[in-house]
Amino acid sequence: MSVTKYGLIGHPLGHSLSPYIHERIMDAAGIRGRYELYDIRPEELAKNLPLLMRDLDGFNCTIPYKMDVIPYLDSLDDTAARYHAVNTVMDRRGYNTDRDGFLSAGLDMAGKKVLVLGAGGVAHMMAHEALARKAKVWIYARDQMKAHKFAEDLRAAGWESVSVFAEEELHEARDMDVLLNGTPIGMWPFCGEMASPASLFRTGQQVFDTIYNPAATKWVLHAKKNGAHAEGGLTMLFWQAVAAQKIWHPDKKFDEARLLPILPELSREMLHHFPVKYVFTGFMGAGKTTISKEAARILKMHVYDLDEQIEKVRGCSVDDIFARDGEAGFRRLETQVLEELLSREGSALISAGGGTILQEKARASIRTHGAMAVYLHASLDCLWMRVGNGTGRPLLGDLREEEGTRFTKVASLYEVRLPEYESYCDIRINAEGDPDAVVRNVISALGYGG
Ligand code: NAP
C-alpha cells in the first residue's frame, strides 16, 4: 500500500497542529498517509499551487488562501460555493468543511436570538447556519462598516432577520440565547483578552468560541462561570479535519469510537505547543495544592505550590516569614515569586495562597501573563472541617486559642475573601466533593476533558 500525501497551505503557518490531527485520524482509519505544512508566501502562490495540486492527494487551505485558491480550481461543492471559501481541495474541486466542524458542536439555534462576533469568513458561515435555522441574528464587529456590509450580504442572500449592534449596544445585549465568537480575540498568546464583556453571559445560554488555543478561552471560562453551556473551537477543528479526510478517502470507515479518544489527547498536546498558566485560588483548605498536583500529573504539566516556592526562596517556613517580616513582608515576597513562576517557560498549574489574589500586584501579574484564575470553592463548614486544627496556616491564629474564637476569626476572613474570589476568578469549581471528581471537573472545565 503506497503512502498518500496531504498538506496545509497558508501563510504564516507558525505552529500548526494539523499534521498531528490528520496523522492521528488517518492512523485511526487505517490510512497510510503523510500530512505536511506548506507555508507559501502570497507572491509564490501562483507558482507553487499548481505544483502542489499535482503532487498532493489532497490539501487544506487556511488564512489567507481560503478565497485565493478558488480561481485555480475547476469546481466548488455547495458549501464552498455558498461561503465563497475553500478549506479542503481534492482533484481540483474545493470544499468547505469548517461548516461540518461548527455543526459538530450541536448548538440548538432554531428560532433563537444569536449574536455573532466578527465579520470574517467563519462569522459569515456561522450566521448563515443560524439563519438557516430561523434564528434572529445580531452582528457585532469592531469595524462597523464591515458589520453593515456583512448584514447587507446576508439580506441579499434572502435572510431578513439580521441586525447590527453598535459598540454601546453590545453592552446591553443581555438577552441573547446563543453567542458565537468568530474573531481571534483571546487566542494564544493573548489569552487574557475577551471577545465580549462577561456581562452578556447568563444561565442557560449556549456559547461557542471558534478559537481552539487555548482549549477554553477566558471568554469560554467566564461563560461557564455565569452558568452558560460553553465550548471552545477544538471539536470544530477536529471534526472539520475528519470531514476533509472523508472527502479524501470516501471508501474508508471513520469509526467514532476510534476517533473520539483523540480529542482529549489533542487538547493536551496543545498545552505543549501553546503554553498556558492556570493559577488556583480559594480559601485555605479548598484543596488547591492537592487538586493542582493531580491535575498536573494527568495533563503532564508543571505544577508549583506558591508557598513551597516561597519557602525555597527564603529558606524558612511561611510561619517564620510571617513572624519575622509580618504579613506585608510575606505578601511582597509572594507577589515576586508568583511573577517569577508566571514567567517560566511551559504550561503550568500554580497553587496560590488563600490571600494571593487579593493583592493588586499579584492580579496585575496574572493579567500581564494572560494566566487564568481557577477558584476552588467550598463552604465555610467544609473548610473548617478540613483545616480547623491545621498547623502552618498563620492566619488561623494560635492553636492554643479556644476553637470558637478561632472559628469566628476564620469566618470573618471567609466573609471578606469570598466575594473577592468570586469576582476575580475566570472559572469557579465546586471543591467540596471527592478530590478525583473535583480534578475531573477542573480538567473538563479548562477544556482538556473527553
Ligand atoms: P477572518 O476572515 O480574518 O475574520 C476575522 C474577524 O475577526 C474579522 O471580522 C476581524 O475584523 C475580526 N478581528 C480580528 N482581530 C480582531 C481584534 N483584535 N478585535 C476585534 N475583531 C478582530 O478569519 P476567519 O477565518 O473568519 O477566522 C476567525 C476565527 O475563527 C479565528 O480565530 C480562527 O482561529 C477561528 N477558526 C477556527 C476554526 C476551527 O476549526 N476551530 C476554523 C477556522 C477558523 P477586521 O476585519 O476588522 O480585521
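**Domains.** I began with the domain assignment, whose bounds come from an automatic or database source. The chain divides into domain 1 (4-97 + 237-268), domain 2 (106-232) and domain 3 (275-445). I took the centres over C-alpha atoms: domain 1 and domain 3 are 44 Å apart.

**Ground rules.** This is a predicted model, where local features need pLDDT of at least 70, side-chain atom pairs count only at pLDDT 80 or more, and totals for chains, interfaces and linings use all residues. Residues are numbered from 1 along each chain as its sequence is written, and side-chain values use heavy atoms, with hydrogens and water left out.

**Ligand site.** Which residues come nearest to the ligand? I found Ala119, Val122, Arg142, Lys146 and Thr210, out of 21 residues around the ligand. A residue counts as near if one of its heavy atoms lies within 4 Å.

I then looked up polar contacts (pairs of N or O atoms within 3.5 Å; within protein, one must be able to donate a hydrogen and the other to accept it, and residues adjacent in sequence count only if both atoms are side-chain atoms). Alanine 119 places a polar backbone atom 2.8 Å from a ligand oxygen. For valine 122, a backbone N or O atom lies 2.8 Å from an oxygen atom of the ligand. Arginine 142 uses its side chain: a polar atom there is 2.8 Å from a ligand oxygen.

The ligand taken alone exposes 920 Å², and the protein buries 75% of that. Areas are Shrake-Rupley values with a 1.4 Å probe; for residues, only the protein chains shown count as cover.

Elements giving two or more residues to the shell are α5 (121-131) and α9 (234-248). Helices (H or I, at least four residues) and strands (E, at least two) are DSSP runs, numbered from the N terminus. Domain 1 and domain 2 each supply at least three residues to the shell.

**Six-stranded sheet.** I traced an open sheet in the order β9-β8-β7-β10-β11-β12, paired in parallel. Pairing requires at least two DSSP bridges between two strands. The edges are β9 (162-164) and β12 (229-231), each pairing on one side only. Neighbouring strands are turned by 15° on average, direction ignored. Axes are lines fitted to C-alpha atoms (for helices over the stretch in contact), and angles run from 0 to 180 degrees between N-to-C directions.

Inside this sheet I checked β7 (residues 113-117) against β8 (residues 136-140): five bridges, parallel. Lysine 113 has lysine 136 of β8 as its bridge partner.

**Five-stranded sheet.** The order here is β14-β15-β13-β16-β17, again an open sheet with parallel pairing. β14 (302-305) and β17 (427-430) stand at the edges with a single partner strand each, so one side of each has no neighbour in the sheet. The twist averages 20° from one strand to the next. Strand β16 (residues 372-377) runs parallel to β17 over four bridges. Tyrosine 375 sits opposite arginine 428 in β17.

Most residues other than glycine have a negative phi, and most peptide bonds are trans. Where are the exceptions I noted?

- Tryptophan 188 to proline 189 is a cis peptide bond, omega near 10°. Proline 189 is in the loop between β10 (178-181) and β11 (206-209).
- Asparagine 213 and proline 214 are also joined by a cis bond, with omega about 10°. Proline 214 is in the loop between β11 and α8 (218-225).
- Lysine 134 is not a glycine, yet has a positive phi of about 60°. Lysine 134 is in the loop between α5 and β8.
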